[in-house]
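Open the model in your viewer and keep the selection panel at hand. The tour goes from one selection to the next.

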Amino acid sequence: MSQQNARAAAVEERQLKPIYEALDTGNAKSALTHCNKLLKKYPPPPAPSSVPTGPPHPSTTSRQLVTALKILALVRGAKLDEASLLCTTLLAETPTDENVLSTLSHSLKPLDRPKDLVNMWVSAWTRAAKDADDVKKKAQKATTATSKAALDAEIATKLQLVEELGAQSFMAMVKTGHWAMAQSTAFKLYRTFASSKGQEADGGTPGLRYLYWSTMAAIMQSDYPNPPPPVPVLVMIPPPDSVREYEANRKKEEEEDRRLLGRIAEQAAANGDAPHPVNSKLTPTRRKKRSLALSLAQRLIEMSVQMKDGKLIGDEAALRGMSVERFWLWGDVLRRIATAGDEDNGPSPDNRWLVPNSLMCTQLASAAAANSAHVEEVRADIARKAGDWKRECEGMALRLSKGDRNWKTFITFFDALFFFLPNAGEAPNPDDYPCLLEDPVETKKEEDAEKAEPEKDPKEASEPATKTPLTVGETRKFLRKLVEGDDERFPKGERASHLGVLEFEKRIRKSPFAGSEDAPDYVDLIIA
């Protein structure tokens, strides 16, 4: 049987090779001629009213593949009307072969039929899932071990096909902008193929990725709740179904906006207050959809968190299938929720940014930010909007002292420092002012590095770190120390620390609260 299948596959490949070569060379007319010759060798398609049952016959799959190639040749030959009619006939058969579906998907996009593209993959996915369920029922009724083993192998093959078709359905929804459908599809795949908590690292199925697919689709749904408008055409008499559906949804959304605005005005009049000013440019319906989509994304990302003591955020909490990209997604969801809250309802007295900032202050966030510029950008943005300037300034100073020479680190350090400098005074309070943290033991080791003294008892190393307020003078000393250290370690020169000194002095001279006394000259700095 296997030899017959291999022989049939070789014959089919030999027959289809001229069609593929003609399409690759742009000879659509030749490809159409070969397709018509091959279609005469196959039986005609079934009636549209007949319902397909069971797996398709190999000859049926071959005929569907040749028909899909003919549709592609018609599209390449600019015969769109004939291609659209033949495409409708083929879609009525609900093909499930991946080669047929992939070939047909290349024709549906130029035909401007995005909905049919999605429905094609969904129909194939649904039919494959039904076939897998039927095989499972047969396996439960199997009596012999041999038949049960054969059915189990068939179930594994069917489930692999179901997973592949489900992933292709998700990708089709992403390409066409159907984000709500993509979110629900990815979540169904997660429910079906994901392992239980704690088994992903032990070689379990990679179904956890579908949960992150669902989260990303929910985020995109918050930005684009409706599918994109159809491609405009010059003549639409009568208008296509896609245009009529888009216009109906637009009118429905406008009516919902008027209803929500009326309700807001009635509540404000009943309370005797003026309507709350909204900073968002979105309509009430769009703000409502965005809020629901972001709440869904938050619930989905929380499903992937391994909690300890019931805490979602903390040093003990971690993501299942942890990666830098997935942690960035977690932080971006919390940032979007806080941003949407500020735009829709104004600043909150309890500060909506405390929750995302607490996530970005964990050790997990520090490790992720050290390996990803995207995570670092999210972390810095959240800290800035949360007003955590003291922690941000001290953290950047610690990074610089440990050798970090990323220019964004310098900029973040200066932005946080100049938030405090206007009201610093001569002796600022270390509890409310950013300080440079220095370990006295490490400092003494550096000073006594050239002295041959025996090491002291390690119990003496428990001295607290000294705090030096980062005033203008101390900041100059700190930056000059960085420059001198870089010049010693890098004979050819490290320009980041020198540029940091220039940036600091430029900001100081533009600030009215501090003078330029004891500041190095710009010319000397540039020449050095």
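In which handedness of crossing does helix 8 pass helix 11? Helix 8 passes helix 11 in a left-handed crossing (the near helix is turned anticlockwise from the far one by less than a right angle; clockwise would be right-handed). Before selecting them, note that this is a predicted model, in which local features need pLDDT of at least 70, side-chain atom pairs count only at pLDDT 80 or more, and totals for chains, interfaces and linings use all residues. Residues are numbered from 1 along each chain as its sequence is written, and side-chain values use heavy atoms, with hydrogens and water left out.

**Stop 1: helices 8 and 11**

Select residues 179–193 for helix 8 and residues 284–303 for helix 11. Helices here are DSSP runs (H or I, at least four residues), numbered from the N terminus. The axes of helix 8 and helix 11 come within 13 Å and cross at roughly 20°; axes are lines fitted to C-alpha atoms over the stretch in contact, and angles run from 0 to 180 degrees between N-to-C directions. Helix 8 is therefore roughly parallel to helix 11 (angles under 35 degrees count as roughly parallel, over 145 as roughly antiparallel).

Now show side chains. Gln-183, Phe-187 and Tyr-190 of helix 8 make the contact with Leu-296, Leu-300 and Met-303 of helix 11, where contact means heavy atoms within 4.5 Å. By class, this contact has five nonpolar residues, one polar and no charged (Ala, Val, Leu, Ile, Met, Phe, Trp, Tyr, Cys and Pro count as nonpolar, Asp, Glu, Lys and Arg as charged, and the others, Gly among them, as polar).

Centre on Leu-296, which is found in helix 11. Not counting residues up to four places away in sequence, Leu-296 touches Gln-183 and Ala-218.

**Stop 2: helices 15 and 16**

Select 373–386 for helix 15 and 389–401 for helix 16. Their axes come within 9 Å and cross at roughly 145°, and the crossing is left-handed. Among the contact residues are Ala-380 and Arg-384 of helix 15 and Trp-389 and Glu-392 of helix 16. The contact of helix 15 with helix 16 divides into four nonpolar, no polar and five charged residues.

**Stop 3: the cavity**

A cavity is a set of points on a 1 Å grid over the protein atoms alone where a 1.4 Å probe fits but cannot get out, and lining residues have an atom within 4 Å of a point. The count comes to one cavity of 30 Å³ or more. About 60 Å³ of space lies in the largest cavity, a volume being the space filled by probe spheres set on grid points joined across faces, edges and corners. Helix 15, helix 16 and helix 17 (407–420) each give two or more residues to its lining. That lining has four nonpolar, one polar and four charged residues.

**Stop 4: helices 19 and 20**

Finally, select residues 472–489 and 495–510, which are helix 19 and helix 20. Their axes come within 8 Å and cross at roughly 160°, which means that helix 19 is roughly antiparallel to helix 20. The contact residues include Leu-479 and Leu-482 of helix 19 and Val-501 and Phe-504 of helix 20.

How values were computed. 1 Å grid on protein atoms, 1.4 Å probe; cavity = no way out; pocket = protein on both sides within 12 Å on 5 of 7 lines; lining within 4 Å. Parallel < 35°, antiparallel > 145°, perpendicular 65-115°, else oblique.
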